[in-house]
Structure formats: C-alpha cells, structure tokens
Amino acid sequence: MGLRYRPLADRVAGGFSRLAALRLRFRLIAPVVAGLAAAMALPALAQTSPLAAQQTTDGKTPDRMLLNADTLTYNKDTNVATAEGHVRMYYQGRALQADEVRYDRAKNRVYAMGHAKLTDADGTVSYANKFDLTDDFKDGFVDELRSETVDHAHFTAARAERSDGNVTSFNKGLYSACQRCADHPERPPIWQVKARKIIENGETHTVYFEDAYLEFFGMPVAYIPYFSSPDASVTRKTGFLNPSLLPYSSTLGPSLTVPYFWNLAPNYDLTFSPTFSAKQGFLGDVEWRQRLANGSYSIRASGISQQDQRVFLAAPYGPGDRRFRGSLESKGLFYLSPQWKFGWNAEMSTDKFFSTNYKNPLNGNFDNNFHENISTAYLTGQSARGYFNLSGYYFHDLSAYDLQKQQAVVLPSIDYNKTIDINPATSGGIGGQVEIDGNFTSLNRSIADYQATGANYLDNAFGLYNVCNSYTPGTTTGHCLLRGIGGDYSRATLNLSWKRKLIDPIGEVWTPFAFAHLNGEWINPDNSNSVTIGSANGTSVIANTNQSAFLGSSNTKYQGQATPGIGMEYRYPLFASTPWATQVLEPIAQIVARPNRMGPAPLINEDAQSLVFDDSNLFDWSKYSGYDRFETGVRANVGAQYSMNFTRGGYANFMAGQSYQLAGINSFATPDAANVGLGSGLDQNISDIVTRVTYAPDSTYDFVAKGRFDHTNFTMHRLDLAANGKWGNLTAGVQYARYMAQPAIGFNQRREGLALDGKYIFAKDYYVKGNIAFDLSRYLDNGLQNINVNRFSVAAATVGVGFDNDCTTFGVQLNTQYTDPTTSSRARNTTVLMELKLKTLGSSSVQTSLGTQQVSSTAH
C-alpha cells in the first residue's frame, strides 16, 4: 500500500512530522530527478541558455536540485516513486516539465510522461510524449520527439534512442533549420531532410543521415544514401566541405571541386581543394591558415600539369603551349601595437590567364577596372593627428592588352602626415593649424609605357599593344604620351602648410594660409632596353630610346622644384529661416599666389595622371591628384552654394563656381609627358564653370548632378547624374555620364554611358533584381582600338530572381559582359549562375557559360 502526500499547503498545516516524512521521500526521489535531467541531453546546437546553472567558486556546477509538484508518492509494494501534477525539476542548468515522473527501482527505469518538456543548459528545448531511461542515464528511449535548438534547428522522430550519454539515434527522423508557418503549422517547412535514421554524436558534434531525402515544400528532390554534417555548434571540423561545379568551358569540360578541411588546432588549419576536369585532369589547391596572438596569415598554392594545353589560345591571347600552370599567394595582417600594423597581400602565377581559365579567384588585391593583381607589403602607423605608411607594390597584369615589362615595381613608397594645432596664446597670436605632408617614392620599369594621342599605333603582329614611339615637342595632339618611364625614378616631396580660420563680428569667415611645395627627383632612364613583338606575322618594337624626346639626351638627372605660396579664403554664410526650411546662402572666394616655379619643370608624371575638375577640388590649393605635379602662378577661385534643410526632413544644395588664372604660367595649359591638364577645363585663363545639384527631400530618394560647362557658350563638357530611390518593395538607381573627347590625353572619342539597377520584392522573401550598363558613345574604347557598336550597346548586364529568408537562400542569375580579346576584337561572354544555401547544411553554386560572341570591330 502506498503513502500519498497532499498538496504543499495541506502538508505545512499537518505539522512537523509530515514535513519530516516529505523530506524522507524527497531524499529517495532526488537522485532520480537529478539523473533524469542530466540523462536527457538531446541533440544540442550549442549556445548560451538563460537557464544556465549558477557555478560555485571552483567553477563547477552545484549538485543541488529543485523540485516542484502537486503530489509525491512512494509505493513500497511496487518500489516506485512518483511525482505528479505540474512537475518541474531544475538541475545543473536543465529544466524538466511533465505531468508525471516515475522511478521504478526494481527495473532501474525512469519515466517522464504527459506533456514532457526538457530545456537543456544550452537552450535546446525537447518535447515528447514519454521519456524512458535507465537509472545510469546512459541509455533510454523517447517517443514522439520534437527538439528545437537556440538557432532554430529542428529534429523530429517517431522514436529516439540515446546511448552512452552522448549519442542519439532518431528513427524515421526529420531535420530542418526552417520555421514552420505559424498560421499553417501542418504545412511542411521550405526544406527538410527526411531520413530512415539520423544519428547525432554529441562527442564528435557530428550528425549522420542514412537513406535520406532532401525535400522542398514536402516534395523530395534528391536522394542521398548517406552523408554527415557538423552540428550547428561547430565552426571548425575536419571533413569534406560542400563540393562545387565549375562553369563548363570548352577548354576544361565538366569540372568538380571537392574540398577537404583539416582542423589541425584551434588556431591553424589546412584546406585541400582538388579539382577534377574532364579535359585537363587534376588541379591541386592547398591553403594554410594560422592565427597568432597579434594577427593571422595564410598561404595558398595551386598547380596543374595540363593534359591538353593545345586547347587554350596561343600567346598573347592566351597561355599558349604551357604544360604546368599554377599560382602562389599569401596574405597576412599583424597588429604590432594599438597604433601600428604590418601586413602583406602577395600573388604570383605562371601566366596572367591562369585565374581566368580555371575560375580560381586569387586572394590578391584584384583591381577589376585595370585587370591587374597588386601585390603589396606595408607598415602603417596611425594616431589621432598623424599617419605613416611604408609600402612596396608589384603589379601583375591580367589583361591581354598589357605587357608585364611595362608594369612598375614600386619600392619603397613612404607617406607621412602630421597635423599640429598652434595655441595663439603661446605663438604671439598666430595660432592656427600646421600640416606636414611628405612622400618618397622609388620605382623601376623595364620598358617605357607609351600611349598615343589621336589615332592609336598598334603592333603589327597582334593589334594589342600600343607601340607609339613618336613625339613632337610642344604639341598637344598627334604624338605619344609617356605614361611610365623605362628605368629608375625616385622622388621626394614635402608639403608644409599653415592656415587659421577667423570669424569677424558680422559672421564673415576669413581663412589665411601659406604653404611650400618642395620636390626633388632622381631620374635614371634605361634607354638601351627594348622589346620586340611578333615574328612571322610582322614585328613591332617598343624602345626605351624614344623616351629621350621627353627626358632629354643625358642619362642620369638630379633636379628639384620649390613652389611657395600664400592665400586667403573668404566665406560669408547668410542664414534665413522659414516655416518650411532653413536656408543658407554662402558666397566663397579664394586667391592663391605662387611663383611660376623655382627650378626646372618636372619631367616625369607617374602619380598625378588623373585630373577631374569639379566642385570637389574647386578650392584646393593644387588640383592635381598626386605629388608629381603642382600648380603655379596666381589663381582665383570663386563660387557660391545655396542650401536648404527642410523642416520635415530632407535637404537640397546647389553649388557653382569658376577658376581664373590671373598671372604666371598656367600649369594646366602646359604640354608635358602625360599632358595632364589639357582639356581639363582649367587650361584656359578663365576656366569652365562647374556645378553641383543635390536633392533629397526625404529618405525615399536622392538625386545628384555634376556638370562642367564652357564659360563662353555653356557647351557641356562633362556631366554626371545619379539618382537612387526606394518606394515600397522597389529599390532602384540610375547613373548617367557623358564626357567630351580629350584626344590630348588619349581619349579620342566621346565617352558616354548609362547604368540602371533595381530590386523588387514581389512577394514575401521573393525578389527579382538586375542591372545593366550601356555604352552610348557608339565606340567601345578598349584602350587601344575604338570599336563601332550600336547606340545602346550593352557593356554589361545582370538579371536574377531569387528567394531569401532566415533558412534558405536561392538565386538564379544571368550575366553578360565584355571580356579580353581572342583576336584583335573584343568578345562578350554570357554565363548563368545558380546558388543555393541551406542554413546549417551548407551552400553550393553552379555556373555555366552560354557561349562567347565576338564584337565586330572597325578600328579608327
């Protein structure tokens, strides 16, 4: 006959003897409850749970257990202890809830029944109709199990078995990382894995699937006899990674990459990614990564001994008859202190086409605009008011249009900048701010880099390389530019400046300033070197001796320049407030006085070849982009801007200005080796007019327009337009640019383009997106030839449709763009990319080419 205990309130009223009896029964049940909570550690995808147990001072979880139930019963006849009614047990961070918990001492079994729920210490919640465990808690069974981890991974099974305390088998199990629809929980999730058996090993943190089907919306799409995956608590685990299919190509055939990852230690690993292609065989790729106390580095090597190298294009359009091909890369970053860091990003390969042919993107700093890899090493220090950088650069060209011998090796390049505030009280009232800016650059190039102005001069053999060698001193068209010296060049520059902002009683802002530009050059041209292009089909020669027309006849030159200057900038912001906006009208005037130049004109221009005159540099003391050039003479810059800040949010701004050469030599009108400044809008004593309009009435959309117009007849020389907007589920943008021809600097045709992009979410989690760029100039300028194309020739385009939510990402994308030439003309390549990412299972992508279309060309 059993003894039954009444609810807690009645038991307290019953007196001390009943309370003592309750404690006796509690001591009988406590080990059972503690073991029950500990035994049911079901598949856990680890994170932190709010139910985590408190720890003692020695770091161990205390073996105290809390129990709450309506009644407790111990039956001496059956040797069964029972807790009934709203049973809640808390032990070592775990919480168990059930309608009833029984401990059968004769059978050494523990049972939890009725609305059983177990919350583990890591936050995993498991539901079952019944828990059935042995008293050592290593073996047990669970009926009708549902388990959810903290990152929303779900396991369900008709029956689950646990053994050895850390291995759980789910019979007829389901796994998914997707939430079921709250309105229709009976519907299957977006995807799930249905398997005859799912085994979760808590010791190895691996989940195994046997006889598995991958289902989407309840429909099976793939059968996998066996596979395994790390559980979601794992970020690094030895094993195979998701395989990937490379885009099909006529040179490789079908290709498959199967990576294998070795987790050698918590701070270093090795990844081996072999690729098997039907036509070229085995490509090996191995990457080593290591994280140290103050940084990390990686080394990657790839290589293949090709089975049929004849299928690739002959040089210089392709790698030619090269059997072994490969690459070696490394990158690293180390923090030497809070202010100093050291790093590198380096790459070398057997040929410029390796990465493209094998769809093997390099880790190097790839510049898509110039089709080159930039290898660099650097030491950088930075504080609140100072900056230092020591770098070296090696440029590896990846385009068929470029010669590697014309790429510069820069070693070193040193930059230093320091800003110092001067206290007027300790400087005799001078005050203001002093800036020290310095640069030292030394480079070497084997073959001089020329570019034609007007008509291009291409090599006779391939029609790829600019072999322009002629030069007519003092002219602006019909000759060649020297883009880069063949030989050695070193330059040291120091810019010192001071300025102070003063505001008078009526709000006028006066900024006096003074500066000095000091420049020294060492030029050592190698006029004996040359390269011969072509053989049987004709030859062309690029010779360094022709650069003597730019540099003079003597070999080594030391020369320097000094350009001091003073100036004043004036601004007078006028404020007006209305109920709908705050308005500011600000006239701006600046005068800069410099001598023509102290010293001979600089002969080399390596880093100041880009000059765009617009609102952003209208009031710069020198509008050149680099150190190799500096303005001379007396120049006045004037303009005004008008701004409105709307009371309901948003703003508008308009700015216009102009520059005047008042005295001295206009450096922008002086032809030199690169002709920078000619056609810039600054090469007349009265410059073009530059304007800017910005309008953003709210967060919905914004518009920016920049223009440059002739000061005499307002002919448009340059126009940039950009607009972006978001209306509901639609996000869109448009860009338009039109630049007049600048033959003096190598742009023989007008450049004009239009780019559109957009994304529309047409249903929950579903989207369509695209972008397209049109070449409107009717000439595809590849830097060498001007190829006739249609008015709305598509330079590049992408269109895609996809699905994206918290557990699944799927997209299909069509891409088309110009590629490097296979003959003297360019080609368009079209590819389709499909990507699928399933949360916790991994991702996969397939890309295939739809073919290459040649762009018919007519050279001009």
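Biologist: Which residues does Lys623 touch, not counting residues up to four places away in sequence?

Modeller: Some conventions come first: this is a predicted model, in which local features need pLDDT of at least 70 and side-chain atom pairs count only at pLDDT 80 or more, while totals for chains, interfaces and linings use all residues. Residues are numbered from 1 along each chain as its sequence is written, and side-chain values use heavy atoms, with hydrogens and water left out. Contact means heavy atoms within 4.5 Å. On that basis Lys623 touches Leu611, Phe613, Asn617, Leu618, Glu631, Arg635, Asn637, Ser659, Phe668 and Leu682. Between Lys623 and Leu682 there are 59 residues of separation in sequence, and their C-alpha atoms are 9.7 Å apart in space.

Biologist: Is Lys623 buried or exposed?

Modeller: Buried means under 20% relative accessible area, exposed over 50%, and partly exposed in between, with a 1.4 Å probe and protein chains only. Lys623 has a relative accessible area of 3%, so it is buried. Its place is in the loop between β38 (581-593) and β39 (634-646).

Biologist: How many helices and strands are there in the protein chain?

Modeller: Helices (H or I, at least four residues) and strands (E, at least two) are DSSP runs, numbered from the N terminus. The protein chain has four helices and 52 strands. Of its 860 residues, 44% count as buried. Among contacts with a separation of 6 or more, 54% are between residues 24 or more positions apart.

Biologist: In what sense do β43 and β44 pair?

Modeller: Two strands pair if DSSP finds at least two bridges between them. Strand β43 (residues 716-727) and strand β44 (residues 730-739) are antiparallel, over ten bridges. Asn724 stands opposite Gly733 in β44. The hairpin of these strands has two residues between them, and Gly728 takes a positive phi near 65° there. On to the next strand, β44 also pairs with β45 (residues 751-763), again in the antiparallel sense over ten bridges, and Thr731 has Lys759 in β45 as its bridge partner.

Biologist: Which residues other than glycine have a positive phi, and where are cis peptide bonds found?

Modeller: Most residues other than glycine have a negative phi, and most peptide bonds are trans. Here Lys172, which is not a glycine, has a positive phi of about 50°. Lys172 is found in strand β10 (residues 167-176) and is exposed, with a relative accessible area of 67%. Phe714 also has a positive phi, near 60°; this residue lies in the loop between β42 (701-709) and β43 and counts as exposed at 56% relative accessibility. As for peptide bonds, the one from Ala315 to Pro316 is cis, with omega near 5°, and Pro316 is in the loop between β21 (295-305) and β22 (324-335). The bond from Leu411 to Pro412 is cis as well, with omega near -5°; Pro412 is found in strand β27 (residues 409-421).

Biologist: Which residues touch the most other members of the largest nonpolar core?

Modeller: A nonpolar core is a set of buried Ala, Val, Leu, Ile, Met, Phe, Trp, Tyr and Cys residues joined through side-chain atoms within 4.5 Å. The largest has 37 residues, of which Phe131, Tyr175, Trp191, Ile198 and Phe209 touch the most other members. Its largest share, five residues, comes from β12. Apart from this core lies another, of 28 residues, among them Ile447, Tyr450, Ile542 and Phe550.

Biologist: How much space lies in the second largest pocket, and which residues are closest to its centre?

Modeller: On a 1 Å grid over the protein atoms alone, a pocket is an open set of points where a 1.4 Å probe fits, with protein on both sides within 12 Å along at least five of seven lines; lining residues have an atom within 4 Å of a point. The second largest pocket holds about 1200 Å³. Of its 38 lining residues, Ser229, Leu241, Asn242, Leu841 and Gly842 are the closest to the centre. β13 gives the most to the lining, with six residues. Ser229 is found in strand β13 and is buried, with a relative accessible area of 9%. Leaving aside neighbours within four places in sequence, Ser229 is in contact with Thr206, Val207, Thr840 and Leu841.

Notes. Points joined across faces, edges and corners; volume = space filled by probe spheres on them.
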